[in-house]
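The tour below moves from one selection to the next.

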Amino acid sequence: NRSGTFVRGLAVEQIGFGVTNPQGKLERISLLMDGSVSMFGLTCAVDDLQITYIVGNNDFFNPASWAIDLAGLAVSADMAGVSIAGGLLKQGTPPNIEYLGMLLGRFAVYGLTVYGGYGEGTENGQKFTAFFAIGAVNGPIGGPPAFFLTGIGGGFGINRRLVVPTELANFGDYPLIQALDIAATPTLRQVGSSALWGYTEVSDL
């Protein structure tokens with residue numbers, strides 16, 4: 001592995017190589033990399049980017065001989081008073097794979113927060129898919145003084161069950177509460193940790 005910045009605005013944090021060599025026969029060659037690129041106020045980072053050449057196909061120029069995998073992607077921008085941050089995270093191992101996404105937008109006193117997730121897996125020999133989405137808008141919305149709205153949000157899920165916090169001390173870490181807090185800056189790994197933010201689990205089928 002190597003680390004460092006090679007070009008202005010381009011940072012490579014880790015780079016490595018891998019091979020698949022079953023029974024002494026070279027089958028796959030992989031390039032693995034973590035890094036980021038920044039320009040004009042926009043930053044894009046990749047986590048565990050893997051580019052694989054399938055040697056067994058014996059055709060270097062055939063697209064079917066190549067495979068690309070990515071564990072995580074993050075994008076952020078801060079321009080003219082508008083800040084946007086988002087990302088995508090892949091979790092699990094086949095056949096139980098889940099993709100989590102998050103988008104945060106901030107402009108003056110207003111904010112937008114969106115979480116989402118999609119997964120496929122098997123349970124008791126049955127294949128299932130699971131999905132959830134949560135969204136919230138923060139800021140002065142309006143209404144009579146006794147019911148003046150400063151935020152509104154909601155969500156739904158398929159093959160999910162809502163897990164509420166059992167400790168009031170952890171109430172501030174609950175995702176539905178964080179989504180309505182314009183100052184909150186959760187990470188994708190926090191969103192994906194049910195032990196930390198306790199939102200969704202695959203339901204029993």
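Select Phe156 first: with a relative accessibility of 48%, this residue is partly exposed, a class that lies between buried (under 20% relative accessible area) and exposed (over 50%), computed with a 1.4 Å probe on protein chains only. The model is predicted, so local features need pLDDT of at least 70 and side-chain atom pairs count only at pLDDT 80 or more, while totals for chains, interfaces and linings use all residues. Residues are numbered from 1 along each chain as its sequence is written, and side-chain values use heavy atoms, leaving out hydrogens and water.

Phe131 and Phe156 form a tilted aromatic pair, with 5.6 Å from centre to centre and 45 degrees between the planes. Rings of Phe, Tyr and Trp (its six-membered ring) pair if their centres lie within 6.5 Å; planes under 30 degrees apart are stacked, over 60 edge-to-face, and the rest tilted. Because Phe131 belongs to strand β10 (residues 126-142) and Phe156 to strand β11 (residues 149-158), the pair ties together parts 25 residues apart in sequence. Strands (E, at least two residues) are DSSP runs, numbered from the N terminus.

How many aromatic pairs does a search of the whole structure find? The search finds 5. Select Tyr53 and Trp66 next: their pair is tilted, at 5.1 Å centre to centre and 45 degrees between the planes. Tyr53 in strand β4 (residues 42-54) and Trp66 in strand β5 (residues 66-69) are 13 residues apart. Tyr53 is buried at 14%, whereas Trp66 is partly exposed at 34%.

Terms used
Helix = DSSP H or I, 4+ residues; strand = E, 2+ residues; numbered from the N terminus.
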